[in-house]
Amino acid sequence: MTPTPEEVQPRTDAWLLEIDHLRVSYGRRRRTHTAVDDVTLNVGAGEAVGLVGESGSGKSTIGRAVLGLTASSSGRIRFEDTDITSVPAERRGALTADLQVVFQDPYGSLNPARTISQTLTEPLLTHRAMTAEQARARVQGLLDQVGLPADAANRYPAAFSGGQRQRIAIARALASNPKLVICDEPVSALDLSTQAQILNLLADLRADLGLAYLFIGHNLAVVRNLCDRVVVLYRGQVMETGPAAQVTGHPLHPYTAALVAAAPVADVAAQRERRLARVTVTEPLTVAHSGCPFAGRCPHVEDICRQQRPARVKVGESVVACHLFPSGKGDSHTSGSVDEKV
Amino acid sequence: MGSLALRRAAGAVPLLLVVWTAAFFLQQLIHGDPAAYVLGNTSTAAQRDQLDAAFGLHRSPLDQYLSTCANLLSGDLGRSWITSESVGRLLSTALPVTLSLALLSTLVTAAVGTALGIWAALRRGSRVDRILQLAAGAVTAVPNYWIAVGLVYLFAIQYRVLPATGYVQLNQSPGQWLQSLILPVIALSLAPIGPIFLQARSAVAEALDADYVRTVRALGIPRRRQVLKHGLRNAAAPIVTAVGFNTVGLLAGTVAVEQIFNLPGLGSQLLSGVLGHDVPVVQGVVLVFAVGVVIVNLAVDLLIGVLNPKARRA
């Protein structure tokens, strides 16, 4: 494979997390399923990047690969200039202190047999070599930071609601003072009013602590509010990348447009308008072809979509992979083949 | 937790009464005249009548039963019809033998079964795992007396490293005590290791698959700690239950194993009691076994309460 322009381009920015042409496949030989297909994305220090897509789009797999819970098939993952592509979580040592995670299910992610204090001190005692006394003080600080009462420390997870448990999970992630927190659908299991509280908490913590987030979600509205940039994923491939307001407000890729339209709005007339942008299935999803993964559901599908995988094209501040935006054509001064990492 | 123990002990009283009653009346179903068994074929009718009078056998079974109950309440288990020895004394000499055997076997089955279970759970789908699962099925299917005879042949007759029969009390010589129990314990433990291993394997595997273990993995907690603190801790309840269940089975297994290794335990007493129509001895041994089962089940419940904070409150 000859190097593409983006591979030979010298790196100008120091990214916190760099994911380069990542591919993750499950299964063996003919029964292989590629969950993540040639995904390139970066997260800068203090930046919040949203990773959106429907179920099965590979967004959680990317998170798992970054965390070292799933082996990648090819590509590279770098964290602070350390190659962590093939380092499983157990062998990451001190690095895990900088790279923490909040998972989706607050009921499953806390050990029911351990008190909150035990759960919170575990990463402290492992990564920070604290004394028990220091750890106890830190636990109180963490509980305060995530808005839980100090007496929560000696109780078991069963005593808390879903939202409170997610606060505990967030406190655990913060315990080792990480630089990047992978948020794997942290609010999807919560009811709406609780979602808002947890999202506000995440936004506040980011402002206070200068955290970077890789926020995995399927709800565009949630991602828009919390994130600087959004990466839209479909069947393992990046469809569109750009500033959060741009991607959610003025989607370029037909899939992003469909995703935006899928979230209902309160205005009846506006909702009718949006419904027109909905996808129509033109062929079964199981049909595999070498072209655009969205071709089977795209309202603008043409022959070329089924034959050729669209190149990534820079349009304004966004980058989109769609034949509607051919490289070299379209908006003359902003469009062109992507030769920089986004 | 103390109140739970008290409640369970009180609940066990009717159970023990049922066992005591069944042990008496099942003996009544056995054909023939007890005195004839005791005195042998050459006895005269007068001798048998005399014995019947001594044992109170001329009374109706209900009367006999009620008087055993009355004696039980005053702490008297009666006397053996054959040796005239007090059943209480008989049990107190036989109990330590069976207790040693059962406790050691429980420790061995729990330790070996759990260790192998963890080992296999960490290597699910591997060849080692498949072989262990196959072996677990195999050892479970082999009867303990068959293993016992094989062990005696191999270690006592071929290699002469361990005694084939006999028992040495713990306070006489701990070393010899252990030597006299090694083969019986292995014979008794091998079969229950199978189900305990399978239970431990699946419980640990399930616990390691849980979201919170994935989370602590991602947080960089060392593997050893993941397995022991998070995996085993939450897998412990089903393992403890399996161990308790199999300990009850062990008690039954002692009957055959004690016979083969000629250990003077409860099982031997029970067998000779049944064969000799010795109703008071059978009743006494069955009662002790029933108390043992109640204690094992209570211990399992208390342990699960310790392991699971949720069950503790109930």
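The questions and answers below concern a predicted model with chains A and B.

Q: Which residues of chain B does the UniProt annotation "transmembrane region" cover, and how much of residues 12-30 is helix?
A: The annotation comes from an unreviewed UniProt entry and covers residues 12-30, 99-122, 134-157, 177-198, 235-261 and 281-307 of chain B. Over residues 12-30 of chain B the end C-alpha atoms lie 28 Å apart.

Q: How far apart are the end C-alpha atoms of residues 235-261 of chain B?
A: Residues 235-261 are among the spans that the unreviewed UniProt entry lists as "transmembrane region". In the model this part of chain B is 96% helix and 0% strand. Its end C-alpha atoms are separated by 36 Å.

Q: What is the helix content of the residues of chain B that UniProt lists for "domain: ABC transmembrane type-1"?
A: The unreviewed UniProt entry gives residues 95-304 of chain B for this domain. The end C-alpha atoms of residues 95-304 are 27 Å apart.

Q: Which helix of chain B gives the most to the side that touches chain A?
A: The contact draws 18 residues from chain B and 22 residues from chain A. On the chain B side, helix 9 (211-218), helix 10 (223-260) and helix 13 (309-313) each supply at least two residues. By class, this side of chain B has seven nonpolar, five polar and six charged residues. The most, seven residues, come from helix 9 of chain B.

Q: How far apart are the end C-alpha atoms of helix 5 of chain A, and what span should its residues have?
A: Helix 5 of chain A has 14 residues, 132-145. At 1.5 Å a residue they should span 20 Å. The end C-alpha atoms agree with that value, lying 20 Å apart.

Q: Why do the buried residues of helix 5 of chain A line one face of the helix?
A: The buried residues in this helix are Arg138(A), Val139(A), Leu142(A) and Leu143(A). Viewed down the axis, the buried residues of helix 5 of chain A line one face because they fall within an arc of 135 degrees. What covers them includes helix 4 (116-127) and helix 6 (162-174) of chain A. On the other side of helix 5, the exposed residues are Glu133(A), Ala137(A) and Asp144(A).

Q: In strand 2 of chain A, which residue is the bridge partner of Leu22(A)?
A: Strand 1 (residues 17-26) of chain A is joined by five bridges to strand 4 (residues 74-79), running antiparallel. Within strand 4 of chain A, Arg76(A) is opposite Asp20(A). Strand 1 also runs antiparallel to strand 2 (residues 33-43) of chain A, with seven bridges. In strand 2, Leu22(A) is paired with Val39(A).

Q: Is Gly242(A) buried or exposed?
A: Gly242(A) is placed in strand 10 of chain A. Leaving out residues up to four places away in sequence, Gly242(A) touches Arg229(A), Val230(A), Val247(A), Glu317(A), Ser318(A) and Val319(A). Glu317(A) is 75 residues away in sequence, yet its C-alpha is 6.0 Å from that of Gly242(A). Gly242(A) has 25 C-beta neighbours inside 10 Å, so it counts as buried.

Notes:
Residues numbered from 1 in each chain as written. Chains lettered and ligands numbered in written order. Predicted model: local features only at pLDDT ≥ 70, side-chain atom pairs only at ≥ 80, totals over all residues. UniProt positions renumbered as here; feature names shortened; annotations may be inferred. Helix = DSSP H or I, 4+ residues; strand = E, 2+ residues; numbered from the N terminus. Expected span 1.5 Å × (residues − 1). Buried ≥ 20, exposed ≤ 12 C-beta atoms within 10 Å, placed from the backbone. Arc of directions from axis to C-beta. Contact = placed C-beta atoms within 7 Å. Nonpolar A, V, L, I, M, F, W, Y, C, P; charged D, E, K, R; others polar. Pairing = 2+ DSSP bridges.
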